[in-house]
Amino acid sequence: MLLIVWTVANQKGGVGKTTTTISIAGILAEQGHRVLLVDTDPHASLSYYFGIESEDLDLSVYELFSQVSSREQILQTLCPTKYPNIDILPATMGLATLDRSMGAKGGMGLVLKKAMQKVADCYDYILIDCPPVLGVLMVNALAAADRIIIPVQTEFLALKGLDRMIKTMELMQGEQTEKFQYTIVPTMFDKRTKASILAFKKLQEIYTNKIWPGVVPVDTNLRNASSAQQVPSDFAPISRGTLAYKSLLSFLKKQQAK
Ligand SMILES: Nc1ncnc2c1ncn2[C@@H]1O[C@H](COP(=O)(O)OP(=O)(O)OP(=O)(O)O)[C@@H](O)[C@H]1O
Ligand SMILES: [Mg+2]
């Protein structure tokens, strides 16, 4: 099968980007797909999730930007995880300086896409987790994607952030004929609160064709899975969170096949 690249992005922090990335990766791996996770967040949450101490690493996503990397060099940068089907391209704190050192240089927008093409034959899916900041890393992650997954918290303040995120994508794609494909994913839905229900209705109203019709509920298993350093589908296979992400994944796969 051909490689599929999904980027999980939202400029707003704490909306469930890393949780969505890891949950989908876990399920894909369980289904037998080979998955590469790419951590572009200088906070390295995704790398820490797998117990990778990013400050001990010699190589990370950073090197992709500071030097032209061959396929062999990229393969050396990849770290295995305890899940045989999941590898990770880790982040380091140094990534935070990329915008200062390289933001002004031209032609930096496709670095990640080109690097991923070099290892395309090793994976079925690449999932890229973004930092909540618009900068060179997010621009690269968006440009590398076949589809952008935008988690959004079901609360009113988050709607504003979503609007900004979509404007950013529109700005980036400019006059390009190939428009970004994206799917909005309502997260942290609490059916007991009116605010959650109202925000969900509003989202559906505004983004009718761009939104996954389901919701990811609030589920402490998702948080506890990260403390246990296990993917949610392994930590709590029949939890509400895992079931929601399974349903999201089948929706995304159908969309991708269209
Ligand atoms: N559906 C959920 N139910 C309960 N807790 C959740 C859920 N989704 C995420 N969380 C928790 O909320 C916190 C923020 O989630 P996460 O780290 O995935 O967000 P993020 O968008 O990646 O944040 P950042 O912008 O800082 O990278 C984490 O502690 C995570 O475990
Ligand atoms: Mg994150």
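## Backbone contacts to ligand 1

In this predicted model, a backbone N or O atom of T18 sits 2.8 Å from an oxygen atom of ligand 1. On its own, ligand 1 would expose 630 Å², and the protein buries 79% of that.

## Who lines the site

Count up the neighbours and you get 16 residues around ligand 1, with K17, T18, T19, P217 and D219 the closest. Sorted by class, the shell holds seven nonpolar, five polar and four charged residues.

The largest share is three residues, and it comes from α1.

## Both ends of α10

D219, one of the closest residues to the ligand, also turns up at the start of helix α10 (residues 220–227), where one of its side-chain oxygens reaches to within 2.8 Å of the backbone nitrogen of N221. After α10 comes Q229, which has a positive phi, near 55°.

## How α8 meets α9

Now for a helix pair. Helix α8 (residues 156–173) and helix α9 (residues 194–206) have axes that come within 9 Å and cross at roughly 25°. Angles under 35 degrees count as roughly parallel, so that is how α8 runs relative to α9.

On the α8 side, the contact uses F156, L159 and L162, while α9 brings L198, A199, K202 and L203. By class, that makes six nonpolar residues, one charged and no polar ones.

Terms used:
Residues are numbered from 1 along each chain as its sequence is written. Chains are lettered from A and ligands numbered from 1 in the order in which they are written. This is a predicted model: local features need pLDDT of at least 70, side-chain atom pairs count only at pLDDT 80 or more; totals for chains, interfaces and linings use all residues. Side-chain values use heavy atoms; hydrogens and water are left out. Axes are lines fitted to C-alpha atoms, for helices over the stretch in contact, and angles run from 0 to 180 degrees between N-to-C directions. Helices (H or I, at least four residues) and strands (E, at least two) are DSSP runs, numbered from the N terminus. Angles under 35 degrees count as roughly parallel, over 145 as roughly antiparallel, 65 to 115 as roughly perpendicular and the rest as oblique. Contact means heavy atoms within 4.5 Å. Ala, Val, Leu, Ile, Met, Phe, Trp, Tyr, Cys and Pro count as nonpolar, Asp, Glu, Lys and Arg as charged, and the others, Gly among them, as polar. A polar contact is a pair of N or O atoms within 3.5 Å; within protein, one must be able to donate a hydrogen and the other to accept it, and residues adjacent in sequence count only if both atoms are side-chain atoms. A residue is near a molecule or strand if one of its heavy atoms lies within 4 Å of it. Accessible areas come from the Shrake-Rupley method with a 1.4 Å probe; for residues, only the protein chains shown count as cover.
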